[in-house]
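Here is a short briefing on helix packing, a hairpin and some backbone angles. Please look over the sequence and the model before reading on.

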Amino acid sequence: MEYNTAIPIYLQVMNAIKRDIATGRILPGDKLPSVRDLAVQYSINPNTVSRVYRELEMEHVCFTRRGTGTFVTEDEERVAQLREDMAKELVQGFLAGAQLLGLSSAEAAELLRRYDAETS
């Protein structure tokens, strides 16, 4: 993973895990890698991974079972909400960029429709 120096590493790893959950690459109830394994996978400090898991637990994205590991929430509604929240962030970023270009929301939506039609 290429890290963006402007964003804390733990946030980038959190976002990668949340993206994998939102896209179905990691399913509800799946066991996440151990702290040590994830640290090796991302070439980061195990303390950073511990923070990632703590933060994901506070967001109710995962939970830890003592002695068995960390698991993705089994709450399908929470996973759906996570996906919607991530989609909203994408839309907000797109609309902010479109506004900088002087496009209205309607013009930006039309641009999306045209692009989708061209690529479908």
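Which residue is the bridge partner of T64 in β2? The partner is T70. This is a predicted model, where local features need pLDDT of at least 70, side-chain atom pairs count only at pLDDT 80 or more, and totals for chains, interfaces and linings use all residues. Residues are numbered from 1 along each chain as its sequence is written, and side-chain values use heavy atoms, with hydrogens and water left out. Helices (H or I, at least four residues) and strands (E, at least two) are DSSP runs, numbered from the N terminus.

**Hairpin**

- Strands β1 (residues 62-65) and β2 (residues 69-72) pair in the antiparallel sense, over four bridges. Pairing requires that DSSP finds at least two bridges between two strands.
- Three residues sit between the strands of this hairpin, and G67 takes a positive phi near 85° there.

**α2 against α3**

- Helix α2 spans residues 35-42 and helix α3 spans residues 46-58; their axes come within 8 Å and cross at roughly 110°. Axes are lines fitted to C-alpha atoms, for helices over the stretch in contact, and angles run from 0 to 180 degrees between N-to-C directions.
- The two helices are therefore roughly perpendicular to each other. Angles under 35 degrees count as roughly parallel, over 145 as roughly antiparallel, 65 to 115 as roughly perpendicular and the rest as oblique.
- The crossing of α2 and α3 is right-handed, meaning that the near helix is turned clockwise from the far one by less than a right angle.
- V35, L38 and A39 of α2 meet P46, V49, S50 and Y53 of α3. Contact means heavy atoms within 4.5 Å.
- By class, this contact has six nonpolar residues, one polar and no charged. Ala, Val, Leu, Ile, Met, Phe, Trp, Tyr, Cys and Pro count as nonpolar, Asp, Glu, Lys and Arg as charged, and the others, Gly among them, as polar.

**α1 against α3**

- Helix α1 (residues 9-22) and α3 have axes that come within 9 Å and cross at roughly 55°. They are therefore oblique to each other.
- This crossing is right-handed.
- Contact residues include I9, Y10 and V13 of α1, and T48, R51 and V52 of α3.
- The contact of α1 with α3 has eight nonpolar, one polar and three charged residues.

**Positive phi outside glycine**

- S43 is not a glycine, yet has a positive phi of about 55°. S43 lies in the loop between α2 and α3.
- S43 is exposed, at 64% relative accessible area. Buried means under 20%, exposed over 50%, partly exposed in between (1.4 Å probe, protein chains only).
- H60, in the loop between α3 and β1, has a positive phi near 60°. H60 is exposed at 56% relative accessibility.
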